[in-house]
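Dear colleague,

Please find the structure below, followed by a short account of what was found in it.

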Amino acid sequence: MSEHLTVVDHPLVQHKLTLMRDKGTSTAVFRQLLREITLLLAYEVTRELKLTTRHIETPMEEMDAPILAGKKLALVSILRAGNGMLDGVLELIPSARVGFVGLYRDEETLKPVQYYFKAPEELKDRLVIAVDPMLATGNSSAAAIDLLKEAGATDIRFLCLLAAPEGVARMKEAHPDVHIVTAALDRQLNSKGYIMPGLGDAGDRMFGTK
Ligand code: URA
């Protein structure tokens, strides 16, 4: 595992991912599994949050107990599939603020074009966790991170479910400072930009649009 990429090989994550990959898994179960797996991935992506101590009294005695140092968090969903990961992270960090980035691919230039951007205030003071289940070509992910940096973010992590080597390389080139956490690094992209073996179109599978 490099500085830039963490693959979460926990057995529960791998088990749930296999169920999600299976084309026979229903939309409802896919969505539920995505929420559960995101909770486990969120545990990993927040592993280095800073702690301070608070003086408390247990029923037995006083102690200085660890507590989060209070760095504010922002979750940013890359539309539309990122929305499927929001609930899982919010369950673990309910006080996080939430932003959204919408990008589409211009069919002539093949470049990502922004159609929506709404981020919480004071991004520069926050740990920003961008979520998108599929890191495929990396073009839209890199563009979304560009927008977050333009809006002031300096401490960004990228949380996904599946990554392709091509997407990881693209992100490393564009944003070497952004640590990626994923449940699996798959083999490659196919000619249409889908991750192989992958799980198909994550948005369609979670929203039942195909
Ligand atoms: N987006 C998806 O939903 N699936 C892929 O395989 C690649 C990009």
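Lys16 is in contact (heavy atoms within 4.5 Å) with Leu33, Glu36, Ile37 and Leu40, leaving aside its neighbours within four places in sequence. This is a predicted model, in which local features need pLDDT of at least 70 and side-chain atom pairs count only at pLDDT 80 or more, while totals for chains, interfaces and linings use all residues. Residues are numbered from 1 along each chain as its sequence is written, and side-chain values use heavy atoms, with hydrogens and water left out.

Lys16 lies in helix α1, residues 11–21; helices (H or I, at least four residues) and strands (E, at least two) are DSSP runs numbered from the N terminus. Lys16 counts as buried because its relative accessibility is 15%; buried means under 20% relative accessible area, exposed over 50%, and partly exposed in between (1.4 Å probe, protein chains only).

Strand β2 covers residues 51–57 and includes Glu57. Leu51 also belongs to strand β2, and Leu51 counts as exposed because its relative accessibility is 55%. Not counting residues up to four places away in sequence, Leu51 touches Pro66, Ile67, Leu68 and Ala69. From Leu51 to Met171 the separation is 120 residues in sequence and 29 Å in space, C-alpha to C-alpha.

Glu57 is exposed as well, since its relative accessible area is 64%.

Yours sincerely
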